[in-house]
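Subject: Structure for you, with notes on helix contacts and a cavity

Hi,

Here is the structure we talked about. Please open it next to this email and follow along.

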Amino acid sequence: MDDFSYRDGRLGCEGVDLVSLADEFGTPTYVYSRATLEGHYDRIAAAFAELNPLVCYSIKSCPNLEVCRVLVGRGAGMDAVSGGEIERAWLAGCPMDKIVYAGVGKTEPEIRAALSGGHSLLNDAAAADRGAIGWFNIESEQEFQAVAAIARELGVKAHAALRVNPDVDPKTHRYTTTGTKETKFGVDLERALAFFERFGRDEYLVLDALHIHLGSPIYSTEPYVRGVTKVLELVDKLESRGHAIKTIDLGGGFGADYETDRSPHAAEYAGAIVPLLRERVAKGTQIILEPGRTISANAGVLLTRVVYVKDGPDKRFVICDAGMQTLIRPALYEAFHFIWPAIVGPGHVPPRRAKTLDLPGLVRCDVVGPICETGDFLALERDLPPVKRGDVLAVFTAGAYGMSMASNYNSQVLPAEVLVSGGASRVIRRRQTVPELLAHER
Ligand code: LLP
């Protein structure tokens, strides 16, 4: 699951004590384990090895440059969804031709930066000859026309994958469902043939791939099987009309262990998906995967300090320095994150991470943040060991969509990020300061 565990009542990461990190670097702070990041990436790569896929880490899940560098070092490509993420991927050392670029609203400067280093959004001369990205995942007719026109103007060739919407319900939160008809993503299967007939012979933007992404997290293999099956039917149809499909990008969405053993293992997803694609891959089709959360979620915890404990008429509030500005998932999706003190007494070491634990002496609390909204909570009605002012709590499985969705709401500064690797720790993004927060307005 991950490399965060209790020893003698103290939570550690790869042997590094987390309260010591909170003391040294302050709170709130995201702490990532390099071993977990690498382990999860390796597991995906190994499980799908028979398909020899390009595993493009979904940057949006945890975009820190150092995290990207770790994964690039492991052989990962990158899944980007903005010009900013393309620049991150490049700075992290990812070869441009291992970058896929999705998103429904790509703007002209972003498209230029994706096609030509001379248009890098970093204004960095070193980018000049970096070349074009691997694939544009195209989400609409107008977008295809826009990218193709710029590619022609620049005289640059690039590959495009048509993102199709297979209308498969991934059975996850409606805000993170993407592969059903009523969402804004991709074009529906019925329109795909007409799309290829219209654009499939463009000289500069070579349309020779398909992309799906159903949503996330997806805790069963069945939506993938249905999605892939529909895509393969489309591939046959397209190829019979003379449109060769060289690459199929299956997107991301694999689960993470927010609770112990919550998610299928990489091998289970692969067990369902690989047999469907084996034959195609043998004939030369390339497969792309875009996992984010399944690599980064369990690789991170959020450390937060208890500022005050307040007993209301009906319940106890544990008021922390992290809130919806630090980790918005509970507020936005009512997402569950296991939360536990980083130091516990005998009898309070959690036997597993679960919504409820049958341990003596737990106290029911709302774990809330400092933000002036009732929706600002990390957990509601949660049984915790007794905590007091100054205690450090760990919010687990916070590596994905934690820091990447953090905000300055209520003029709170962005947290620090720390990477633990083999017994050592270092800051990979320092905490924002109040002068920095105000710099663009003064
Ligand atoms: N590929 C595409 C095209 C995507 O849109 C996404 C995620 C991924 C890959 C990676 O999905 P993953 O493997 O990380 O599940 N903020 C939400 C999740 C939004 C996901 C957006 N797209 C959350 O906190 O649960």
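First, a term. A cavity here is a set of grid points where a 1.4 Å probe fits but cannot get out. Also keep in mind that this is a predicted model.

**The cavity**

Counting cavities of 30 Å³ or more gives one. The largest cavity holds about 50 Å³ of space.

Which residues line the largest cavity? The lining includes Phe338, Ile339 and Trp340. Ala354, Lys355, Thr356 and Leu357 also belong to it, and so does Leu362. Arg382, Asp383 and Leu384 complete the list.

Two elements give two or more residues to this lining: β16 (339–341) and β18 (377–384). The largest share comes from β18, with three residues. By type, the lining of the largest cavity has seven nonpolar residues, one polar and three charged.

**Helices α5 and α6**

Now the helix pairs. Helix α5 spans residues 108–115, and helix α6 spans residues 141–154. Their axes come within 10 Å and cross at roughly 50°. That angle makes α5 oblique to α6. The crossing of α5 with α6 is right-handed.

Which residues make the contact between α5 and α6? From α5 come Glu108, Ile111, Arg112 and Leu115. From α6 come Val147, Ile150, Ala151, Glu153 and Leu154. The residues of this contact are six nonpolar and three charged, with no polar ones.

**Helices α2 and α9**

Helix α2 covers residues 34–47, and helix α9 covers residues 266–282. Their axes come within 9 Å and cross at roughly 25°. Are the two roughly parallel or oblique? Angles under 35 degrees count as roughly parallel, and α2 and α9 are therefore roughly parallel to each other. The crossing of α2 and α9 is right-handed.

On the α2 side, the contact residues are Arg43, Ile44 and Ala47. On the α9 side, they are Ala266, Ala267, Ala270 and Val274. This contact divides into six nonpolar residues and one charged, with no polar ones.

**To find things quickly**

Best wishes

Note on methods
Residues numbered from 1 in each chain as written. Predicted model: local features only at pLDDT ≥ 70, side-chain atom pairs only at ≥ 80, totals over all residues. Heavy atoms only, no water. Axes fitted to C-alpha atoms, helices over the stretch in contact; angles between N-to-C directions. Helix = DSSP H or I, 4+ residues; strand = E, 2+ residues; numbered from the N terminus. Parallel < 35°, antiparallel > 145°, perpendicular 65-115°, else oblique. Left-handed = near helix turned anticlockwise from the far one by under 90°. Contact = heavy atoms within 4.5 Å. Nonpolar A, V, L, I, M, F, W, Y, C, P; charged D, E, K, R; others polar. 1 Å grid on protein atoms, 1.4 Å probe; cavity = no way out; pocket = protein on both sides within 12 Å on 5 of 7 lines; lining within 4 Å. Points joined across faces, edges and corners; volume = space filled by probe spheres on them.
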